[in-house]
Amino acid sequence: MLNIVLFGPPGAGKGTQSTRLKEKYDLVHISTGDVFRALDPESELGKLAKSYSDKGNLVPDEVTIKILESEVTKHPDAKGVIYDGFPRTTAQAEALDEFLSEKGTSVAVMLSLVVPEDELKRRLISRAQTSGRKDDADPQIIQNRIDTYNNSTAPVADYYRAQGKLKEIDGVGTIDEITERIYSALEVYH
Ligand code: ADP
């Protein structure tokens with residue numbers, strides 16, 4: 001089973017690239033952000049997730065880890081999984097390692113999309129016009145998401161670096177150029 005963590009700050013292009021990767025390699029794509037947005041907004045869990053995500057804060061680890069595990073469990077025959085937006089804290093990364101090791105598998109690689117902050121802000125502001133996402137619409141919330149990334153999520157790259165699994169990908173360029181960079185980085189896994 002090929003487990004790929006697609007990593008990067010908000011607006012780095014994880015969702016866009018995941019869609020391409022999933023088709024090329026026949027993988028299951030799990031985006032925790034998408035899963036949270038798809039929850040019934042009237043349910044307890046939906047209200048809880050929204051109370052964090054609308055402000056650009058992380059949903060608590062305990063909830064997020066349970067949701068991720070239940071998504072993975074829905075696909076017992078998957079050839080592999082792209083984890084998009086997870087793990088976002090070191091505790092989540094540890095939980096994923098443990099969960100996968102119980103299944104006799106592990107993370108093969110973390111692909112980290114590297115994009116400068118001013119470019120991220122431009123992309124998120126322009127995405128706000130079509131995404132309808134509350135967390136894209138407000139510059140202060142965007143800044144909070146970037147700060148949360150720098151403080152809580154960036155250390156996750158060190159976690160995988162220490163395991164020799166981190167591959168950085170230049171995330172600036174056309175969508176096709178970045179896809180090609182990712183395909184090259186993944187060549188050794190096929
Ligand atoms: P982006 O990467 O564009 O910020 P996502 O769609 O991945 O957006 O996530 C949207 C929101 O969902 C996050 O700001 C956060 O509140 C919540 N979220 C998504 N994934 C996680 C996670 N792994 N841990 C905690 N919260 C998460």
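This is a predicted model: local features need pLDDT of at least 70, side-chain atom pairs count only at pLDDT 80 or more; totals for chains, interfaces and linings use all residues.
View 1. Local features need pLDDT of at least 70, side-chain atom pairs count only at pLDDT 80 or more, and totals for chains, interfaces and linings use all residues. Residues are numbered from 1 along each chain as its sequence is written, and side-chain values use heavy atoms, leaving out hydrogens and water.

View 2. A polar side-chain atom of Arg37 sits 2.8 Å from an oxygen atom of the ligand. For Arg145, a polar side-chain atom is 3.0 Å from a ligand oxygen atom. Gln92 has a side-chain N or O atom 2.9 Å from a nitrogen atom of the ligand. Of the 540 Å² of accessible area that the ligand has on its own, the protein covers 96% (Shrake-Rupley method, 1.4 Å probe).

**View 3. Helix α5 packed with helix α9.** The axes of α5 (residues 90-102) and α9 (residues 155-162) are 8 Å apart, at an angle of about 40 degrees. The axes are lines fitted to C-alpha atoms over the stretch in contact, and angles run from 0 to 180 degrees between N-to-C directions. Helices are DSSP runs of H or I with at least four residues, and strands are runs of E with at least two. Thr90, Ala93, Glu94, Leu96 and Asp97 of α5 meet Pro155, Val156, Tyr159 and Tyr160 of α9, with contact meaning heavy atoms within 4.5 Å.

**View 4. A cis peptide bond between Phe86 and Pro87.** Omega is about -5 degrees here. Pro87 belongs to the loop between β3 (80-84) and α5.

Key. A polar contact is a pair of N or O atoms within 3.5 Å; within protein, one must be able to donate a hydrogen and the other to accept it, and residues adjacent in sequence count only if both atoms are side-chain atoms.
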